Amino acid sequence: MNLMPVSAESLRTAVAVAARAVGYDSRYVTVRLLIPVKMDGPSAGGIMAVGIAAALLGDPIRQDICMSGTIEPTLEIKPVGRLVDKMNACRDLKKTTMIVPDGLDNSHLSFTGSEKAIHVIEVHTLAEAYSAATGQVLRQAGH
């Protein structure tokens with residue numbers, strides 16, 4: 001398993017939060033991620049929660065997005081570090097939109113080079129991130 005302890009805990013939180021948000025009992029949700037490199041830190045928790053909720057609801061995630069932000073049990077998306085590095089990685093992956101926590105001072109994200117091609121969407125909650133990533137409303141399963 002390439003998830004180091006902090007990332008593994010973030011995944012556990014993402015499973016619990018996503019399942020609760022869509023009306024599933026997380027005890028019956030099994031998630032398998034294929035992570036090709038070691039990952040340590042909570043920054044992918046938000047997109048993991050979005051991905052889990054999308055899988056449970058059957059909604060596709062937009063192919064043009066990247067996301068960074070921690071997920072909290074309160075369904076809030078919280079700030080992360082090294083956002084400029086993550087924006088550059090998003091650009092390198094040829095994505096056009098980056099979803100980021102609105103709890104950061106994002107004023108420094110006025111890039112001067114090709115990074116300007118990345119549209120930034122600021123979110124505060126899992127529901128906002130879900131909508132930005134899927135174009136759908138985060139809802140209870142079956143509704």
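Predicted model: local features only at pLDDT ≥ 70, side-chain atom pairs only at ≥ 80, totals over all residues.
Residues are numbered from 1 along each chain as its sequence is written, and side-chain values use heavy atoms, with hydrogens and water left out.

I will start with helix H1, residues 5-22, which has 18 residues and reaches 26 Å from its first C-alpha to its last, close to the 26 Å expected at 1.5 Å a residue; helices here are DSSP runs of H or I with at least four residues, strands are runs of E with at least two, and both are numbered from the N terminus. The expected span is 1.5 Å times one less than the number of residues. After H1 comes Gly-23, whose phi is positive, near 90°.

The buried residues of H1, among them Ser-7, Leu-11 and Val-22, pack against H2, strand E2 (70-71) and helix H4 (126-134). Buried means under 20% relative accessible area, exposed over 50%, and partly exposed in between, with a 1.4 Å probe and protein chains only.

Let me take Ser-10, which sits in helix H1, as one example. Ser-10 counts as buried because its relative accessibility is 6%. Leaving aside residues up to four places away in sequence, Ser-10 touches Pro-42, Gly-45, Met-48 and Ile-71, where contact means heavy atoms within 4.5 Å.
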